[in-house]
Amino acid sequence: MSRYREHKGPLATLWAALFLALLGCIGVIGWSILTQPDSPVPDGWNPLAPLHVTDAVTPFTPMKLRHAEMSLDTCLAALDGVASLSEMTPLSGEGQCGIADRVTLAAVGQSQIDPLQTSCAIALRTAMWERHGLQPAALEILGSPLTELRQVGSYSCRNIRTPTGNSTQLSTHATAEAIDITGFDLANGTTVRLIRDWDGDPQKAAFLRAARDSACKWFETTLSPDYNALHADHFHLQSRGWGTCR
């Protein structure tokens, strides 16, 4: 038995070394495949490829979305060709108000938006929502693609509003890290508005709930008419928060 153990020690060490060497080779080969310009791995499945709105949604997408928001350049690159926007100089407002990565947004994907000033992060998350959430839901439930997102603003230098009055905490609107969406227009002439349709026409109500649920995947905070009366007419969507979905 002791002789067996004497031989087992060096043999086990050898096998461990060979195994680690094999893992190292696999890692080098994998890294080479992922980093080469003509990598056969689709961008959506490549954790090293920068995010683009048109990529397939994969388990890597949330990580890549957060990385894309880290700078204006990476954010604009992710939106290249799928949004109508123009870069603007940063805005410094009163107190802590302002917009760091400021853009003017006029369209995302197939949908127009009344032009508004917002942060690039909100523009990017809105584009991801439009492509991967809103358009599929509109086609499935209402039988027509969206052509316009109706909004009532992003930037507003103010504190959070509550049912009992304004709080002392600065709103995410004060830094354009939020957008308020009131409804949608479709290619077949259908219009959907939260104030009218949240508890109205069954198909439109179903679409609005699908829109809310998909927004929860693309925004860090999503507030709907289910949250409180202040949101009876709009979705409040934030690029930061703790995953609130109401």
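I call a residue buried when its relative accessible area is under 20%. A reminder to myself: this is a predicted model.

**Entry 1: helix α4.** I started with α4, which covers residues 120-142. With that cut-off in hand, I looked up its burial: 17 of the 23 residues are buried, so α4 is largely enclosed by the rest of the structure. Next I followed its axis and found a bend of about 45° at glutamate 130.

**Entry 2: α2 against α4.** Then I turned to α2, residues 61-68, and its placement beside α4. The two axes come within 10 Å and cross at roughly 150°. Angles over 145 degrees count as roughly antiparallel, so that is how I logged α2 relative to α4. The crossing is right-handed.

Which residues make the contact? From α2 I listed Thr61, Leu65, Arg66 and Ala68, and from α4 Leu124, Arg125 and Met128. Sorted by class, I get 4 nonpolar, 1 polar and 2 charged residues in this contact. I also jotted down a handy point about spacing: an α-helix has 3.6 residues a turn, so residues three or four places apart point the same way.

**Entry 3: alanine 229.** Last, I visited a loop. Alanine 229 sits between β11 (221-223) and β12 (235-238). Is alanine 229 buried or exposed? Its relative accessible area is 70%, and exposed means over 50%, so I put alanine 229 down as exposed.

Technical notes:
Residues numbered from 1 in each chain as written. Predicted model: local features only at pLDDT ≥ 70, side-chain atom pairs only at ≥ 80, totals over all residues. Heavy atoms only, no water. Bend = angle between axes of the 7 residues up to and from the residue. Helix = DSSP H or I, 4+ residues; strand = E, 2+ residues; numbered from the N terminus. Buried < 20%, exposed > 50% of the residue type's maximum accessible area, 1.4 Å probe, protein only. Axes fitted to C-alpha atoms, helices over the stretch in contact; angles between N-to-C directions. Parallel < 35°, antiparallel > 145°, perpendicular 65-115°, else oblique. Left-handed = near helix turned anticlockwise from the far one by under 90°. Contact = heavy atoms within 4.5 Å. Nonpolar A, V, L, I, M, F, W, Y, C, P; charged D, E, K, R; others polar.
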